[in-house]
Amino acid sequence: MEKTKWLDIKGNHDAFNIPSLESVENYYRKYSAVRRDGSFHYVHSTPFGNYSFISLDATPNPGPKRPFNFFGILDEKRMQELSLLAKESSRSNHSIWFGHYTTSTILSPSPGIRSIMSSATAYLCGHLHTLGGLMPVLHTRHFQGTLELEVGDWKHNRRYRIFAFDHDLFSFADLIFGEWPVVLITNPKSLLYSCAKHEPLERVLHSTHIRVLAFSLSSITSVTVKIDGVHLGQAIHLSGPIFTLRWNPRDYNNRTHNIEVIVQDSDGRRKSVHHIFSLQEDIHLRFDPLASFILLTDHCMVARVLFVMTVLIQLSILITFRYQGCLELKGSPGFINLTSFSLHVLSKINIFYYSVLLLTLYTVLGPWFIGEITKGKIGCCFSFGIFVDGHFLQGSVTFMVGILQLAFFNIPLMAYLCWSLLQRCFGHNFRSHLRQGKRLKIIPVHLLMLLLYLWQIYSCYFLHMTFGTLAFFFSPLRTWLTLLTPVLIHCVWTRNSDKLGTFTVQLKSHLSS
């Protein structure tokens with residue numbers, strides 16, 4: 001253990017509800033191995049060269065409460081610091097970056113964090129925790145050539161990773177604690193993870209031995225090597241965990257080949273690992289497209305675009321019908337015709353038009369709530385970010401919350417108001433429309449709106465429990481909207497029929513024609 005160098009880095013849970021780096025709540029500063037905030041550069045020196053390890057600290061400061069601490073944030077100052085660390089590592093044989101967040105969950109200014117780390121062989125990260133077991137392997141390669149290798153969490157899944165440099169060829173294995181033996185084939189290395197830009201791949205062609213690292217709680221008794229199913233022999237123990245077997249790489253010059261290593265220990269435990277390798281430079285393998293999408297997509301930008309597009313579509317529909325002339329109903333009174341007519345009615349009645357318009361605009365521009373964003377610090381939350389204690393945290397999860405608000409309440413409320421106004425134009429009030437014999441079509445509409453309204457009530461409860469009583473009372477988008485919604489719906493069903501007269505006559509005239 002005296003030879004072990006511990007390098008640790010903060011994750012989003014270490015920055016959860018931390019008002020400042022100097023706070024007594026910042027346990028990372030007290031209990032971590034490094035005991036310092038921010039990114040740093042460690043150089044591991046050997047007789048055959050230096051190897052750089054650069055930590056990437058993207059935790060927000062101050063650290064907000066859930067759910068706003070999911071994305072990492074790098075400002076201009078942090079980006080400049082990381083750029084300097086990257087330059088410092090330029091003379092090392094290899095540089096390995098490591099951090100908590102995947103690059104797809106880090107907000108960074110131009111040119112972006114992937115560009116800054118482009119000289120790195122690999123970026124080791126976590127954060128997504130195999131997406132609850134749905135994606136046990138989350139690996140990809142940046143367009144600049146750097147590998148991004150997410151590993152599952154230790155707390156629940158007991159996942160860990162070992163890696164090695166063999167003649168400056170990078171190899172790794174993702175493992176589950178307690179499963180023995182542990183095996184890593186270092187030469188020939190996996191084709192999928194090979195990169196000529198960062199590694200001297202020609203050394204595989206000139207190598208004399210297949211090399212394997214094998215560990216177990218008991219002694220290793222056999223290391224069997226096969227290539228393309230053909231038995232090559234038993235690897236010989238060299239020193240420590242290293243086992244070697246002489247080979248002639250020129251026998252495998254063409255196409256791809258599959259190497260398999262079977263390791264057994266003295267307690268009878270057995271482990272088989274394999275991978276595809278190739279000595280041809282023009283052959284490449286592709287990573288899982290879904291894993292690449294998850295790790296390479298700027299999810300914050302996607303959420304931002306979806307949020308803005310949803311708002312623009314809703315506003316465009318509302319304003320278009322508002323300033324459209326008299327709507328002429330043509331053809332049969334089908335779904336499209338009746339939907340258009342109900343939107344026409346809603347947009348022409350001021351109280352409903354301005355209510356929906358202001359709700360949509362407020363979701364984009366107005367403060368959602370004022371409350372305790374982080375322990376002891378009052379802040380204000382908007383769709384585009386959070387202001388707290390003199391700091392501005394860029395919008396990230398806020399856009400996702402905004403999309404949920406639009407999709408599961410704002411837009412359904414608008415649709416429900418349109419549908420209710422349509423029932424009124426048919427000549428019904430609330431009681432009579434329930435007696436018209438179409439309950440199987442009518443009751444589900446009310447039940448769906450009720451469920452969405454209960455979701456809105458629960459969001460008020462969540463707001464209170466997370467951000468305090470102040471946030472509950474000073475939340476126009478949650479608490480105030482929850483109180484105003486029944487008033488608006490009551491107004492629809494009790495509105496004087498004379499004020500709907502023109503629309504009622506127009507609809508009945510079309511139905512009778």
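Reader: What makes the reach of helix α7 close to the expected one?
Author: In this predicted model, α7 covers residues 335–348 and has 14 residues. The expected span is 1.5 Å times one less than the number of residues. That gives 20 Å, and α7 reaches 20 Å from its first C-alpha to its last. Helices here are DSSP runs (H or I, at least four residues), and strands are E runs of at least two, numbered from the N terminus.

Reader: Which residues of α7 are called buried?
Author: Among them are Leu338, Phe341 and Val345. Buried means under 20% relative accessible area, exposed over 50%, partly exposed in between (1.4 Å probe, protein chains only).

Reader: What makes strand β11 mostly covered?
Author: Six of its six residues, 182–187, are buried.

Reader: Why are β11 and β12 called paired?
Author: Two strands pair if DSSP finds at least two bridges between them. β11 and β12 (residues 209–215) have five, so they pair, in the antiparallel sense. Ile185 has Val212 in β12 as its bridge partner.

Reader: Why are β19 and β22 called edge strands?
Author: The open sheet runs β19-β20-β21-β22, with antiparallel pairing. β19 (369–374) and β22 (391–394) each pair on one side only. Neighbouring strands of this sheet are turned by 30 degrees on average, direction ignored. Axes are lines fitted to C-alpha atoms, for helices over the stretch in contact, and angles run from 0 to 180 degrees between N-to-C directions.

Reader: How many bridges join β21 to β22?
Author: Four, in the antiparallel sense, with β21 at residues 385–388. Gly385 stands opposite Gln394 in β22.

Definitions and conventions
Residues are numbered from 1 along each chain as its sequence is written. This is a predicted model: local features need pLDDT of at least 70, side-chain atom pairs count only at pLDDT 80 or more; totals for chains, interfaces and linings use all residues. Side-chain values use heavy atoms; hydrogens and water are left out.
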